[in-house]
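Please read the points below with the model open.

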Amino acid sequence: MLVVLGLLTSFLSFLYVIAPSIRKFFAGGVCRTDVQLFGKVVVITGANTGIGKETARELARRGARVYIACRDVLKGESAASEIQADTKNSQVLVRKLDLSDTKSIRAFAEGFLAEEKQLHILINNAGVMLCPYSKTADGFETHLAVNHLGHFLLTHLLLGRLKESAPARVVNLSSVAHHLGKIRFHDLQGDKYYNLGSAYCHSKLANVLFTRELAKRLKGTGVTTYAVHPGIVRSKLVRHSFLLCLLWRLFSPFLKTTWEGAQTSLHCALAEGLEPLSGKYFSDCKKTWVSPRARNNKTAERLWNVSCELLGIQQE
């Protein structure tokens, strides 16, 4: 037994010694474009921390007017101050947005549209993961509400301004977890059966399907859209799971940093020549394979229609 423990300890020690090399190998792509954004307006949800914060920092560094849309305004102001000091760009603004509350989403959109006459990039970055079963004030299951319906409504409300500002882009953060997801129309809110891991996967599949259907409906408008898997990142997304928090801490030397996790979002927001790939799914700064369920046009259209019905959106 002592021999086994000794070998295991030696192996783990070896892994940690070579961890920087392993992480560098799995770090993924880097956004290489040198596009500048002076005069451009960007909205990023959940940009007070993690991947969103690093995305906001880079876009501010390129001269954009960046709106950090987040639930915790105090944390948002702290992030904005840090980004302003780092980038010397004072145009980093914080506005309250709670994606679990449709009233908050509508209030944010109303305020933004009154304040800004242009919107060039919308990054639907915020999300929740592994939440215990709960419903929002609107009666929606939390993963579905925050990860899908909230961004669906926000995008709908800002779409006119995006079209007016074209060329413009919408970037939706999804996950490789979408491969395990399924859109269960007969139990969309998890009332009959709920598993917190599955609920997250279902919502990430919804992100990819939303992107696919949105691209179809935006064809010819000058607005394009992309779904993104940021990678396995050291962020606060796993905060609802004690086990994952423990694993993330244990294996943190092997995980992507938030800066690395932001690279594919930046690539899809900035890289030239991506227009023909609107509606596609990206990982490590390149288009990659999606699950068969994510390629189902009928499911994508049905999810769109059901989402509109749940949110009270009148379709044209």
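The notes below go from the sheet to a single serine.

1. Basis. This is a predicted model, in which local features need pLDDT of at least 70, side-chain atom pairs count only at pLDDT 80 or more, and totals for chains, interfaces and linings use all residues. Residues are numbered from 1 along each chain as its sequence is written, and side-chain values use heavy atoms, with hydrogens and water left out.

2. Sheet. Eight strands form an open sheet with mixed pairing, in the order β3-β2-β1-β4-β5-β6-β7-β8. Its edge strands, β3 (92–96) and β8 (286–287), each pair on one side only. Strands (E, at least two residues) and helices (H or I, at least four) are DSSP runs numbered from the N terminus; two strands pair if DSSP finds at least two bridges between them.

3. Helices. Helix α5 (residues 142–164) packs on the sheet and touches β1 (41–45), β4 (121–124), β5 (168–173) and β6, its direction making about 175° with that of β4. Helix α9 (residues 263–270) lies across β4, β5, β6 and β7, at about 155° to β5. Axes are lines fitted to C-alpha atoms, for helices over the stretch in contact, and angles run from 0 to 180 degrees between N-to-C directions.

4. β6 and β7. Strands β6 (residues 223–229) and β7 (residues 281–283) pair in the parallel sense over 3 bridges. His229 stands opposite Ser283 in β7.

5. Ser283. Ser283 counts as buried because its relative accessibility is 14%, the cut-off being under 20% relative accessible area (1.4 Å probe, protein chains only). Leaving aside neighbours within four places in sequence, Ser283 is in contact (heavy atoms within 4.5 Å) with His229, Thr264 and Thr288. The C-alpha atoms of Ser283 and Gln263, 20 residues apart along the chain, are separated by 9.3 Å.

Key: Buried means under 20% relative accessible area, exposed over 50%, partly exposed in between (1.4 Å probe, protein chains only).
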